[in-house]
Amino acid sequence: MRRRDFVKTLMAASVTAASAVAQKPAAPPVLPHKATPAPGPVPWERGLMELKPLPITPLTADAFAQTDTQFFNPTETATLRRLCELFQPAYKHHPGAIDAGTPQFLDFLTGISPEDQQQIYRSGLARLESDAQQQFSKSFASLDPSQADKIIRPGLSTWMNDHPPAEPFEHFIATVQVDIRTATENSHAWADAAKKAGEGTPNLDLYWYPVDPDLRRQVSSGAHSDQVS
Amino acid sequence: MPEEKVDVLIIGSGHSGGMAAKILTEKGINCLMLNAGPVADTHKDTEVKPAYALPYRGFKQPGQLPHVFQSNEFNANTWVDEREVPYTYEPGQSYNWVRVRLFGGRSLFWSRQSFRLSDYEFKGKSHDGYGDDWPISLADVAPYYSRVEGIFRVSGRPYGIPQYPDGNFVPDNSPWTGCMQRFVDAGKAKGVTVCKARSSMGVDGLASSVNLLLPDAFATGKLRAIPNVVVRSLTADPNTGLINRAHFVDRISRREMSVQARVVVLACGTLETTRLLLNSGIANSSGVVGHYLMDQIYGAGITCSVPEARDGKSTPQLMGGGALIPRFRNINSKASNFLRGYAVNVFSSGGGVDPRNFAEYGDALNKKLEGYHGSGFYCGIMGEVLGRRENHVSIDKTVSDAWDIPVLHIDTKYTDNEFNMARDMVDTCTAVAEAAGFEILAKNYDPNPPGYSIHELGTCRMGDDPKTSVLNKWNQSHDHKNLWIVDASSFVSSGWQNPTMTILALSMRASEKLADEMRQGNV
């Protein structure tokens, strides 16, 4: 049996809880729900079923718009921007991190991240700035590549998936490097450049929409996620 | 509508529940299946999208699914959200509980690795003195393994190795690629046997309850199913001791309901089954429910590069393919600092090598990635976690889920046995890979947190003595003869093997026994 046929069979064989079993005797009776009357003589949804789909290809805002930065302070922003230039410069036909709007995107992402993730970034960026001032008496953002390398290289390490280095500076460098690369390679600009170069759309995958979502989960999504006794 | 008493109520729709439904309905028994989540329709619920079109560019939504390392923004909606169904754990003892409540459960998403347990697992205590033997042996389960392997179309090659039992395989006659042959030869010289892995081919690439088991059950006309209902508790008749009613809540409306059943089969997945028993206060005269939680250690391993495949010279003849090193420690000799053993997943790839394998950045990193493209070779551990009574779960009455059902508290940790095993694996694989001429790019000695393997096992172990076990050797409750538990909570030891084939075989075996008992009027 093909999968689609199976799903149809399953839907046909599935029954609602109410039709299969009785309610608890103590449960209050459920009153029939009255339909809300339309405000005028014409039913609100008339014609919608006959509507032909619009000839629209939805665009993502990144194709036209910049992300406003709100989280990092000016020094942090400048440091992150310099890291983006160094870690992911334009290469062959691929855009660099700056062209992909990566610093602004990471500002957004970090700003909505849990506090421990924010702290990794804040501490790491502060360490870069502090080392730059100590070693070269200027800000990290204004270091030339060889000066910046003297500060970055002690934090470089190899590591395996799910096991970033434990030492805080190495951990930051590992984290920010992966984040800069991911945000750049998953950007609209990167896909646009691939298209212009005659390549297929990169980083395509099967996206799952919420399956029969529970509305109450949406409203309670601010609940604590990490319950530790 | 008059209340109907169903013959068999099956709670859960994954591999174990699907197998129970197939066996029981094919024997003419009417079954009702309850599932906590909805039915997914991939044609309606999925779409191929580029990462840039997702809200977070392929990053997970921050704060979502912190314990599901396998999740990403594409698949985030398939996993249970712990904000909706929380659990608690001891400080510093994080646990990765990875759950799926879609109809079909975790059988929708699994690695397809298909192994039998051997008597080194079923009779582990007899071999090394640790823990307990199962009340059954490989000979008891072998006929069921064979039938399961037929249904799931397990591809494999026989080796005649007792710790890697052969089975009813679709023959795997594929040749080794060049890099794999070198690894096989290097392993042989060091006394490490590298074998072909074994994998369920299923049908059209899917090897799930929803395409291999449940269609047969529905075809009998004997199975009905209710999605979107969360079972809260089971109650027992105080006079007979039999389970007589399941109480559940509609996932969307929160309406409380209940159903009567002659027999209840639990197939909720190890920890949800145990949570249900503990919340119900049943089946626990032994006091063992919730104890002996096990899984398998994953995460330790090495990443290598095959030098001859670099700089554009990778070919399908040289690179690609996978292998498996079955357990080899503590079989004919004794390891110095750990009991039992581990297997190794081995695979190579003609694709890109991950940037984290190079301590470089910028253009230098880009040049490395280009040069090393197509040369990646990887080894990962699958190690046995010992069954310890102190690794246990209980109910945390201070926290409830979205349906006001008290949640599970998980108290488990790895010990030196697991850490030493992981270290031995990394060092052994490094030695074999170097002997094969490969460059080691990265190593990791640390296992992922408990639970990561998605192979939670035990907590309702089987045994002959009702004082020390929850189930008898047929997966039937010692305390309630009409309660049968067919998921992996019955396991006595974990082994290194992906447990799916064993879960399926035990569910098949238990369901046939149950059908016999019902026919004879014993249940």
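**Chain B, contacts and packing.** I looked up sequence separation in chain B of this predicted model and found that residues 24 or more positions apart account for 72% of the contacts with a separation of 6 or more, a contact being two residues whose C-beta atoms, placed from the backbone, lie within 7 Å. Before going on I noted that residues are numbered from 1 along each chain as its sequence is written, and that chains are lettered from A and ligands numbered from 1 in the order in which they are written. I also noted that local features need pLDDT of at least 70 and side-chain atom pairs count only at pLDDT 80 or more, while totals for chains, interfaces and linings use all residues.

Buried residues make up 55% of the 523 residues in chain B; I took a residue as buried if 20 or more other C-beta atoms lie within 10 Å of its own, exposed if 12 or fewer, and partly exposed in between, with C-beta atoms placed from the backbone. Along its principal axes the C-alpha trace spans about 75 × 55 × 45 Å.

**Elements of chain B.** I listed twelve helices and 20 strands, where helices (H or I, at least four residues) and strands (E, at least two) are DSSP runs numbered from the N terminus.

I then followed helix α11 (residues 416–435) of chain B, whose 20 residues reach 28 Å from first C-alpha to last, close to the 28 Å expected at 1.5 Å a residue, the expected span being 1.5 Å times one less than the number of residues. Its buried residues include B:Met421, B:Met425, B:Cys429 and B:Val432, and the buried residues of α11(B) pack against several elements, among them α6 (178–189), β15 (342–349) and β16 (376–384) of chain B. Just after α11(B), B:Gly437 takes a positive phi of about 90°.

**A three-stranded sheet.** In chain B I found an open sheet of three strands in the order β6-β5-β7 with mixed pairing, two strands being paired if DSSP finds at least two bridges between them. Strands β6 (170–171) and β7 (199–200) of chain B stand at the edges with a single partner strand each, so one side of each is left without a neighbour in the sheet. Strand β5 (residues 154–156) of chain B runs antiparallel to β7(B) and is joined to β7(B) by two bridges, with B:Ser199 as the bridge partner of B:Ser155.

**Chain A and the contact.** For chain A I recorded nine helices and one strand, and of its 229 residues 28% count as buried.

How many residues does each chain bring to the contact? The contact takes 82 residues from chain B and 71 residues from chain A. On the side of chain B that touches chain A, the largest share, five residues, comes from strand β3 (residues 46–50) of chain B. Strand β1 (residues 204–208) of chain A pairs with β3(B) in the antiparallel sense over five bridges, and B:Thr46 is the bridge partner of A:Trp208.
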